[in-house]
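Let's take a friendly walk through one protein chain. Have a look at the picture first, and then we will go through it together.

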Amino acid sequence: MDSYRLTMMMAVVLMIVVTFGEAQTNAYPACATELVPCVEYKNSKKPPNACCNPLKNVFQTQLACLCQIVLTPAFLESFGSNTTQTIRFVRSCNLNLSVSLCQDALSAPPPSVSVKPKATAGADEGGAGRVALSGFSFQLLFWCYVLFIY
């Protein structure tokens, strides 16, 4: 019985290490998921609208996020690209992106919210009292159950 508990404890520790490791390695800009259609066209001189349209949307609405991607060499290298190639690619979708524009976009203060909406009783439909189980908390709860119940 003791070897079983030791094995389960080691499994819990391993799950915690793996989960925290995954959480730290998934650090990428939020708008990157919208640009996934462009990955296969990274060497194209004229990417299709399936790539250019999401790219234009990110350029217009999330310029700082796009610039974070463009000015992060390690992120670009994971896709076999660099800043110069990426700017050239963005320009192939008729967008006027440059390093100086990105530097300005990243150094600008975030827009401030002047008016906050008033709270309305019951607007969250009781959601404040709900607790969501994330993947990590569910795994931890499950392994603790297995460890201490069996």
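How many helices and how many strands does the secondary structure of the chain come to? The chain has 7 helices and 0 strands, where helices (H or I, at least four residues) and strands (E, at least two) are DSSP runs numbered from the N terminus. This is a predicted model, in which local features need pLDDT of at least 70, side-chain atom pairs count only at pLDDT 80 or more, and totals for chains, interfaces and linings use all residues. Residues are numbered from 1 along each chain as its sequence is written, and side-chain values use heavy atoms, leaving out hydrogens and water.

Now to a pair of helices. Helix α3 (residues 63-70) packs with helix α6 (residues 99-107) at an angle of about 120 degrees, their axes 9 Å apart; axes are lines fitted to C-alpha atoms over the stretch in contact, and angles run from 0 to 180 degrees between N-to-C directions. That makes α3 oblique to α6 (under 35 degrees is roughly parallel, over 145 roughly antiparallel, 65 to 115 roughly perpendicular, and the rest oblique).

Next come the aromatic rings. The structure holds 1 aromatic pair, meaning ring centres of Phe, Tyr or Trp (its six-membered ring) within 6.5 Å. Phe 75 and Phe 79 form this pair, with 5.3 Å centre to centre and 65 degrees between the planes, which is edge-to-face (planes under 30 degrees apart are stacked, over 60 edge-to-face, the rest tilted).

| Residue | Relative accessible area | Class |
|---|---|---|
| Phe 75 | 19% | buried |
| Phe 79 | 36% | partly exposed |

Here, buried means under 20% relative accessible area, exposed over 50%, and partly exposed in between (1.4 Å probe, protein chains only). Buried residues make up 25% of the 150 residues in the chain.
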